[in-house]
Amino acid sequence: MELIKGVGITKHFGGVKALSGVDFKVEQGTIVGLIGPNGAGKTTLFNIVAGAFPPTSGTVHFEGVDITGLPAYKICRRGVARTFQVTRPFGEMSCVENVAVGVVNHQPDASRAVWTQRAVECLRIVGLEGFESTEARHLNVVQKKKLEIARALATGPKLLMLDEVLGGLNSQEIQDAITFIRNLRDQLGLTILWIEHVMGAIMQATEKVIVLDQGRILMNGSPEEVVNDSRVIHAYLGD
Amino acid sequence: MTISLGESRLKSTPKILLCLAGLAVFALLPWTMGVYNQHVLIVCLFYTMMAASWNLLAGYTGQVSFGHAAFAGIGAYVSGILVVKAGLNPWGGVVIGTLCAAAFGFLVGLLCLRMGGIYLSLTTLGFSEILHIVINNEYEITRGTMGLQVPGLIENYSKIAYFYIFLAGALITLAVVYRLVHSNAGLNFRAVQNDERAASALGVDVVRTRLLAFTVSSALAGMAGALYGHYMLLITPHLPSLDQQFLVLSMTVIGGLGSFVGPVIGAFSLEILSEYIRAWGEYHVLVFGLVALFVARFAPKGIVGIYKAWRGKYRAATA
């Protein structure tokens, strides 16, 4: 079953055509990579799916329901969580409070103890135990990325959208992160749509890859098909 | 290690008892002093309401509004005019004045939804000045700079009775603020202040959160203003003036922006101090403004922040 489906998504910023007629879908329980050269429109597509801004035309369906143009908070409450490529922690708030923001809007009627407990649990899942009371601005880049994922998990998502979470990690950390992301799918049952520039990670972790180039779908298929496709190599490397 | 969301709450019984005992002593204070000191205490409580409610908006959601004194003015004038011209009971006037301030707060909040920082400050400043000019010029209704004479809340004027009315008002204000910032709304307030886009991506309804803060804060200012008008028995355009606005701002910033007790400390210390330097005339607002500027630059969390830093060092040294 397809969890999310976009049809004919087009986005113009003034005269710039960021996306032109993009069709895509993500099956329930899969990890799908979204790749493409810089400026291909990957983050724009994320922003439209997550409701940061509406598309110029086209529709997005989540669990069969049209969510096109809904505000971000409503889409989040339906079960779509996203991380930001450039992390956006609430710097003046502690890590547990950062995560609790996601929890309280997911379970507004729960008690304070439940909120705290769930927030602590999310921090533990991403490996940030011990940093509960640390203000988020004191974290390093990798920890901030972990915090982004913990906050996203706290909203109780069905679909998790990751925007370049591996940037700035060394090779051992990348291996750990791949295992971690696969575990999110295998153990928490999440569906994952993942923008990434680290091709090795996409090859190892995903079942399907969507390639965007200049605002259009160039192709989609298994990771092996994609990396061996001459159009993809051409889009990345030029003539 | 205890992990807590937001500021520490009153959890332990000894702390609650200590607070109640302090409150009881404070409530008996006016019986020991003369009329002038009673008046100072009442004005302190008025500024506590003003500073605590402005802090809800500026300190917790980062919407630095310069229209807070204007909302107090709306509360005072609506109540005063209804009582004088329509013969309404003053208590009913206070209620309607509060509701009107809430309605105006909602509308101004709506106008400022897409604004932040300096733009919001300038828009609310403009609103405040427009209101000020209207009040000055609508002489038939407001009696302009002469001031509107209004009846009191109680038949037999007594400072002690007013003290308890203002104490109740201040406690209601503080209870509303405490309740809000310690609920899920409090987390949403601070999330919106830190980063609106990230907040909405986590399920925070940013529009609702900002309007809630604006409306509640304005309503509380309206209540404070209405009570103040019926205490002074004369409402002048000085109440909704920028002088008042900057005094409230200074109190909150010096006491501790974004902390629960900061505005209370700021309101009492600055009001009492300004009684001592009354001979300087209006220059005291200038002095407070300069002090607030220094505090904002060098100790952005005010007196409360300085105390917390000192306590942290003390604990680290003794541990």
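Strand β7 (residues 159–163) of chain A is mostly covered, with five of its five residues buried (20 or more other C-beta atoms within 10 Å of a residue's own; exposed means 12 or fewer, partly exposed in between, with C-beta atoms placed from the backbone). Strands (E, at least two residues) and helices (H or I, at least four) are DSSP runs numbered from the N terminus. This is a predicted model, in which local features need pLDDT of at least 70 and side-chain atom pairs count only at pLDDT 80 or more, while totals for chains, interfaces and linings use all residues. Residues are numbered from 1 along each chain as its sequence is written, and chains are lettered from A and ligands numbered from 1 in the order in which they are written.

Reader: Which residue of β8(A) stands opposite A:Leu160?

Author: Strands pair if DSSP finds at least two bridges between them. β7(A) runs parallel to strand β8 (residues 191–195) of chain A, joined by five bridges. Within β8(A), the residue opposite A:Leu160 is A:Ile192.

Reader: What is the bridge partner of A:Arg82 in β7(A)?

Author: Strand β6 (residues 80–82) of chain A is also parallel to β7(A), and three bridges join them. The partner of A:Arg82 in β7(A) is A:Met161.

Reader: Which helix belongs to the β-α-β unit with β7(A) and β8(A)?

Author: The unit is right-handed: with the strands pointing away from the viewer, the path from the first strand over the helix to the second runs clockwise. Between β7(A) and β8(A), the unit includes helix α6 (residues 171–188) of chain A.

Reader: How far apart do the C-alpha centres of domain 1 and domain 2 of chain A lie?

Author: The domain assignment, automatic or from a database, gives domain 1 (1–79 + 157–239) and domain 2 (88–156) of chain A. Nine residues of domain 1 contact nine of domain 2 in chain A (C-beta atoms, placed from the backbone, within 7 Å). The C-alpha centres of these domains of chain A are separated by 24 Å.

Definitions and conventions: Two residues are in contact if their C-beta atoms, placed from the backbone, lie within 7 Å.
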